[in-house]
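Dear colleague,

I am passing this structure on to you, with the sequence and the model placed just below. Please look through both before reading on, and then compare what you see with the notes that follow.

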Amino acid sequence: MKSKHLFISLLAFAMLVVSSCSEKDTDYAERFIGEYNITLTPNLVATIDMGQIPITFEKITTTCNIVKEDDKGNVKIVIEPINGVIGRIELEAFCDGLGMHIEDYSYNGSIAINEIDKINCNIKLKGSTVSYTSTKTYSWNSSVTGKATLNYSGIDQSCDITGNIEFYATISTVNNI
């Protein structure tokens, strides 16, 4: 009789464990959805025949929206363009319990160095993972590789570009979907 009670108790405990461990219907994308103020800080180096030249940029401040693409955790990060400073950037990402995983992205456009100078580039931004925070403040760093044309001493020069772009986003509004 004792073994029967023990068996039933163990069976009940096992059912409790199995039911509590079942996959929860959590929509991780909802954690990131919203409108953000975002600052981009490019830290790039141009390599030309004469050697490496660091390119000093002013910080780029604009807005971005993180929008839900589907019910599978996919989102799109849309960084709004600023006329004459930077073009539109649309990053694809996937959200899960570990955060938002941003995919690699190719940017083919210009980036303003200052009020007068800009570089025309075809660069690849390496993807990154962003951890969820309850403060809705996110930062990530994407390494950069690619080609660019810059004006050096009055002459347009093709060059290789390396470095990184730092992204810092703070929530401005939350979309309640």
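**What was found**

Of the 177 residues in the protein chain, 33% are buried, where buried means under 20% relative accessible area, exposed means over 50% and partly exposed lies in between, with a 1.4 Å probe and protein chains only. Please keep in mind that this is a predicted model, in which local features need pLDDT of at least 70 and side-chain atom pairs count only at pLDDT 80 or more, while totals for chains, interfaces and linings use all residues. Residues are numbered from 1 along each chain as its sequence is written, and side-chain values use heavy atoms, with hydrogens and water left out.

**The chain as a whole**

The protein chain has one helix and 11 strands, these being DSSP runs numbered from the N terminus (H or I of at least four residues for helices, E of at least two for strands). Read from the N terminus, the order of elements is α-β-β-β-β-β-β-β-β-β-β-β. Among the contacts with a separation of 6 or more, 52% are between residues 24 or more positions apart, a contact being heavy atoms within 4.5 Å. The chain exposes about 10,700 Å², of which carbon and sulfur atoms supply 53%; such areas come from the Shrake-Rupley method with a 1.4 Å probe, and for residues only the protein chains shown count as cover.

In soluble globular proteins, nonpolar side chains tend to be buried together. Here the largest nonpolar core has 43 residues, and those that touch the most other members are Leu-40, Ile-77, Ile-79, Met-100, Tyr-107 and Ile-161. The largest share of this core, six residues, comes from strand S1. A nonpolar core is a set of buried Ala, Val, Leu, Ile, Met, Phe, Trp, Tyr and Cys residues joined through side-chain atoms within 4.5 Å. If we leave aside neighbours within four places in sequence, the residues in contact with Met-100 include Phe-32, Ile-66, Val-75, Ile-77 and Val-130.

**Aromatic rings**

A pair of aromatic rings is described by the distance of the centres and the angle of the planes. The structure holds four aromatic pairs, where rings of Phe, Tyr and Trp (its six-membered ring) pair if their centres lie within 6.5 Å, and planes under 30 degrees apart count as stacked, over 60 as edge-to-face and the rest as tilted. One of them is the tilted pair of Phe-32 and Tyr-138, at 5.0 Å centre to centre with 40° between the planes. This pair links distant parts of the chain, since Phe-32 is in the loop between H1 and S1 and Tyr-138 is in strand S10, 106 residues apart. Both Phe-32 and Tyr-138 are buried.

Another is the stacked pair of Trp-140 and Phe-167, with 4.9 Å centre to centre and 10° between the planes. It also joins distant parts of the chain, with Trp-140 in strand S10 and Phe-167 in strand S11 (residues 155–173), 27 residues apart. Trp-140 counts as buried because its relative accessibility is 6%, and Phe-167 is likewise buried, at 2%.

Ring pairs also link Phe-32, Tyr-36, Tyr-132 and Tyr-138 into a cluster. The charged end of Arg-31 sits over the ring of Tyr-132, 4.8 Å from its centre, a description that requires NZ of Lys or CZ of Arg within 6 Å of the ring centre and within 35 degrees of the ring normal.

**Around Ser-142**

Ser-142 is found in strand S10 (residues 137–152), and it counts as buried because its relative accessibility is 3%. A polar atom of its side chain lies 3.0 Å from the backbone oxygen of Lys-126. Beyond its neighbours within four places in sequence, Ser-142 is in contact with residues including Leu-125, Lys-126 and Phe-167.

Gly-127, in the loop between strand S8 (118–125) and S9, is 15 residues from Ser-142 in sequence and 6.2 Å from it in space, C-alpha to C-alpha. With a relative accessible area of 23%, Gly-127 is partly exposed.

**A residue in another loop**

Lys-136 lies in the loop between strand S9 (128–130) and S10. Although Lys-136 is not a glycine, it has a positive phi of about 60°, and at 12% relative accessibility it counts as buried.

With kind regards

Terms used: A polar contact is a pair of N or O atoms within 3.5 Å; within protein, one must be able to donate a hydrogen and the other to accept it, and residues adjacent in sequence count only if both atoms are side-chain atoms.
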